[in-house]
Every structure is written in C-alpha cells, then in structure tokens.
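I opened a new notebook page for this one. Come along as I look things up, one entry at a time.

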Amino acid sequence: MNAGQQTRRAAARAGHSICRTCLSTPRPYATAAAAAPTPEDALAQHIPPVAQSSPSTSYAVNAGVLLSRPPQITRDLHPFEAAFFLYQKRLNERLALPFTRYFYFKARTPADREWKRKMAQRLTPARDIGRYKGYGEEAWNDEVLVGAKESEFQWQVDRLLEDAQTTGAEEEGNAVAAAAAKAETEAFERPPSRVTEADEKNDTKSLARALQRTLYLLVKNKEGRWEFPQDRLRDENLHGAAQRILNTSAGPNMNTWLVGHVPIGHYASNYSAPKSLPTGLQEQGTKTFFLKARIMAGQANLKDSALGLKDFKWLHKQELEKAVEPDYWRQVKNMLAER
Amino acid sequence: MALRELPYRTATALCRDARPTVNAIQPLFRRNASTDAAPEVETTSFADAAAKPDAVVKDFDPIARSRARRRGKKQLPPSRYQYREPKYYRGPLHPHQPLPVSDPASRRFQPGPFTLPRLDQTYQSTIAQDILAMTYQHYPPGYRAPKVEQRLREWQGDSPYYKGRPLRGPRGKGEVLRLLQEPRTFRNIPKITKVVVHSMVPEAMQDSANMHVAGMILQAITNVRVESHKARHNVVGWGLREGRYVSVTATLEREDASHFLEKLIDVVLPRIKEWKGVPGSSGDGHGNISFGLTPDQLALFPEIEVNYDAYPPKMIPGCHITIITDATSNKDARLLTQAIGLPFYGKLND
C-alpha cells in the first residue's frame, strides 16, 4: 500500500490544521502581521503597536547586572583537534620548500653549528612536531603511534623551551662545550600553569580560577537564594540602575564596564497571590531585565552592601546551573556564554 | 511493514482531537526493527584509544614492518600506484580531471590549519557578543522596516536601446553606491575577513633589489607569498613609469591573518616609541581600516629582528596594513578593531 497517499488522506480527515496550544492562546505577533498589508497602515509603519490588554495588572520591574569576567587564556584542545593540527604540521613539512638555512645562519658560525647539531637530532626545522623527516624514502611515516605525546600542547611547549635552552651539544657528550654554551643561554621563564591555585582549592570567590571560562558574579540575597545582583527600578533608566546596583551591591572596589545600554535577557516570576498596589493596580509578579557588564580589575566586596547581600561566588555556566533554582536557570541560561 | 505504516500512525496520532493520554504516547514507545540496533552503535573511541597501550601497540614499528614486507621484492614503479594530477585543466569533458583542492595529492593543496588562533577564540567567546550587545537596535514586534527604493538611476530618453539596459550608478565622478545598513542580528556581527599588507617601493625603478627586499620582508612577517604589482600610469611628479614593478602585497586570510594581527598588536605596536594609534580619519566607509608603519617600525617584527643583518638596512621599506572587515560602516569597523586592541586617535571619520 502506498504510505504517502495514506498520510495525505489521514491529514485531510483530521480537519484542524492549528494545534491546540495555538487555538487556546492569542498570538499577538500573528495578528499584527496579518493586519499589516492594509494601505492606511503603510503610513504608520514606524509606530509600534502598543496595546495593553488589561490595564489593571502590572509587574514590578527590576534591573539586574550580569557581571562577567571573560576567558583569560585559550581553551584546551580536544585530543582530536590536537592530533589533526599535528598531522597538518607534518604534512606541511612534506609539502613546503626546504628551510633557507643560510639566510638565517651565516656559514661556519657557532649558530650555524648549533643548528646543524639540532637538525641531526630532530631531522626537521620545526621544533614542536617531534622527530620526523619530511623528505626522503620514509616521509610517509608521518603518523604518531598510540600513546605518543607529540600532539599534546604541554609537550610542544616543553620542546620549544628546551630548544631555546640547549645547544644540541649535550647529547654528544661534549661536556666542556655544553657547559660553555649553557652559561651563554639565558634562563627562560616557563609560562605559568594553566591550572591555578584557586582551581585546585576550588576557591569560588577568586577571580583567578577557571581561566578558560567566562565567570559570572552570583550573589546570595536576603532570602538566601543565589541569583545575579538585582534591584527594583527607581526613577531612572535601566543602565543607570545597573551602574547603581554595581556600586551599591558589590562595592566600588571593581573596575567595571557596562556593555551596551540594552538588556540581554530577562527573568519573570509570578507571586503566589497578586499584590494590591496603592495606585489600584494588581501586581502579578516581577520581571528582571539583565544588563551585561565586564569586570576589568578589582574584586567584589559585600561589606557595605546596601542590598543586604550575604555572599558572592564567581561561577561558570555549568557550575551556575547547579547553584541557582531550576526555573531561574531555565530563563537565564541562554544569555550565558558557552565558554 | 511497521516501518512503512509509521507516517500514517504519526499523522493519526497527531490529528486525533480528543484522545486519552495513553494513545498519544503510544507511537513513541512502539518497538521498531531499528530499536535493537541503536545501543550497538559505538560512541567515539578516539580519546580512549590513547589511554591503553598494550604490548602489541608498544612494539609496533611501521618502518621495520614496511622494510620486512618489501624485502626481496621488486617495488612497483610509482606510475602504477600513484595518481598524478594533470598540470593543466583541459575542460569538463576531458577524461583526466584535476583532484579537489582538499586532496593532499592535488597540486593546489595547502596544508592547514595548524592552530586555533587566540584572536579567533577571543572573538568567539567575548568580542562578538559584546559587539552584538553594543550595537543591537530593538524594534517592537510588528515593526516593518521602511522599504528601500531603487537606488540606481533609470535611463531616461527616447532611445530604444535604453530598454533593458542595466541601471546607471550614482551621479557624480568617483561616487559609489554606499552599502546598506542592515539591522544588527546575530548573523551579521562584523568580523575580520582579510588583512592586506602592502608596500610601495618606488626606488625599485632604479634598483630592483629594493623590490626583492620588500618581498622578503613581507613574506617573513606575514607567512604568505607576496604578489608584485606594476605601476598603472606615468606619474612624472613621483617618477613613476607605466609598466614597471613598484609594489608588493600580501593578502592574509583565516589563520595567517589572525596570527599576524596578534603579533602586530601584542608584540610590535607596544614597542613603537610614541605611537599614537591608528588615525581616526582612517576608514573608507565600507568597513576597511588602514594604517601605515615606517621602516623603523617594520623592523620591530620578531621575524625581522632575528636576522636583521640579512636585510640591507637602507632598503627596508615601510608598509600599509589594511584590515578588511565585513562591517558596513566606519563606526562598526572601528568598534571591531578597537575590540581586538587597536587604539584610534584624532578626529573620527564617520
């Protein structure tokens, strides 16, 4: 039997082409779009359709600050990426023109002799791809064996440092020459570790942790909930409020920069029962609009916090998921950076 | 049979108006022929492979294996097992077709990428989202952008040849059609597409050695083969003669461009004495920013410093660096270049 025909017939039998959710809820955008092509509307195209359905209800508007510290170092490569890059580097050794030695080293100079020694040891001008020769009968043997360290970042850094610090005479047993050369080469500073002390202690108050990730400032409010710093909007605009919250909540001991004047996300929550306001409106809940800020220097300090905050943490996205409530996480997760 | 009926079952399950929940969930839990096969599909074992080298793996020596296999046997000539790409493209109907560029056996193959540049990572993790937050323009739902009318001019007149003729460009000499400013979305965040390093060497008309030195220097600092250009016109005041080679350019893309900019911004520019920054008047209105380096400043590149003696000191040229972005205005291009660490000074060109 023809399955396609059956499907079409079944769909025709079904009747309704609108799903139940759409039937029950009004769709404001769709009605606005449907009303668009009328000619008198063409003049009013810049006027946004502002219509309040029920003027008796309202929401408290809060301003929040998403204060973040961007990643400080490059990310760790996936083993596949590392292997791919090493493969491409070795492929390049096979395809590139030979190194122009005499353009860089004058013949019969100490530098030239050192170069010759090192080339004899590693067979290739590149210092970070291991012992591999790109020319000749056995150039096809460019794949590293299982368990080889050549593709690892730390191994490559070590080889570069070793190349700078040695002269190549060490392995040949020429102790006098090696000692003389060692005195000449300056001591090179090793790059600092990619895992810091705060990482090992899991000190979430420190900014010198998780250097590869974006860290976000999370504070514990009066009720004991973890959330981003926020406060009720007073007679001010959003970015003014964000600046005020930054100054009053986590102290002025931070050099911060407010990125743009538009909110990048929002969080809405309803009260269990609507509150009556003196103006006669019914307040249904709160809506918090988050502005983005970056910390350049300094550290959060809750000593003179005007918002009654109890504690703070610097967390990345995955840690943040566990720290905040599920509903909060659901609404804020899309404004946080993956890395 | 069960598989063939699946579309029908899905359609009926979705179209039924009122139904008990058990019926609605039913199609999801129905057992199909493929259900058993699914758990057997292996997830990637790439990362685990390195973890457990056993004795066989340890003793594996590809060179020795290959020698043992070849011992006492005559090897085939390369023409029997190696495919050689044709040197020239002889059209789509020729039986001997060139290989795709991505094939390492192709003559046009370029290896790479070799690294994941830091600048690219910073752009993806920090710069792009900040630019989006800074330049975002909110339009309320229901807003429709005003229609852009035809910006090119029609041919007006009685001539029958005007019919179907391509429209005319803007009026005035040197006028070009400006780029449209699209509203900012996550799809059109400006990014750096190319960097062009250009060095004009008019002295090359007397002595071509200047040209060679300029080419070597540009190749050393950019890691890209340079292209040389002829003078297009006679200019008596500058002593230019038409058809003589006077300049070299290197066009950098992707990884090369990122590495060059990293080097320039973090190593070279901080070492220049009293460097004011990129002139604020820079920018052509189409997202390109240019600035120049003098011979002294060019010599600060680490690739040149390492063997400075190899270049004749009088022949080291200056250069112009153009950062080509896909921004559509000076302002956006400046925002991007400032974000990667280039300061601007003076009156800004908007």
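What pLDDT does chain B average, and what share of the residues score at least 70? I found that chain B averages a pLDDT of 86, and 85% of the residues score at least 70; pLDDT is the predictor's confidence in each residue, from 0 to 100. I then looked at residues 17-24 of chain B, where the pLDDT is below 50 and the stretch has 7 contacts in the model beyond near neighbours in sequence (contact means heavy atoms within 4.5 Å).

**Ground rules.** I noted that this is a predicted model, in which local features need pLDDT of at least 70, side-chain atom pairs count only at pLDDT 80 or more, and totals for chains, interfaces and linings use all residues. Residues are numbered from 1 along each chain as its sequence is written, chains are lettered from A and ligands numbered from 1 in the order in which they are written, and side-chain values use heavy atoms, with hydrogens and water left out.

**Whole model.** I wrote down the scores: ipTM 0.80 and pTM 0.81.

**Chain A.** I looked up 12 helices and 8 strands here; these are DSSP runs numbered from the N terminus, helices being H or I of at least four residues and strands E of at least two. Of its 339 residues, 35% count as buried, meaning under 20% relative accessible area (1.4 Å probe, protein chains only). Among contacts in chain A with a separation of 6 or more, 71% are between residues 24 or more positions apart.

**Helix H10 of chain A.** I checked residues 238-249: these 12 residues should span 16 Å at 1.5 Å a residue, and the end C-alpha atoms are 16 Å apart, which agrees. The expected span is 1.5 Å times one less than the number of residues. The buried residues of H10(A) include Leu238(A), Ala242(A), Ile245(A) and Ser249(A). Strands E1, E4, E5 and E7 of chain A are among what covers the buried residues. Just after H10(A), I saw Gly251(A) with a positive phi of about 85°.

I read 33% helix and 24% strand over the range, with the end C-alpha atoms 30 Å apart.

**Asn288(B).** I placed this residue in strand E5 (residues 288-293) of chain B. Leaving out residues up to four places away in sequence, Asn288(B) touches Gly283(B), Thr322(B), Ile323(B), Ile324(B) and Thr325(B).

How values were computed. Buried < 20%, exposed > 50% of the residue type's maximum accessible area, 1.4 Å probe, protein only.
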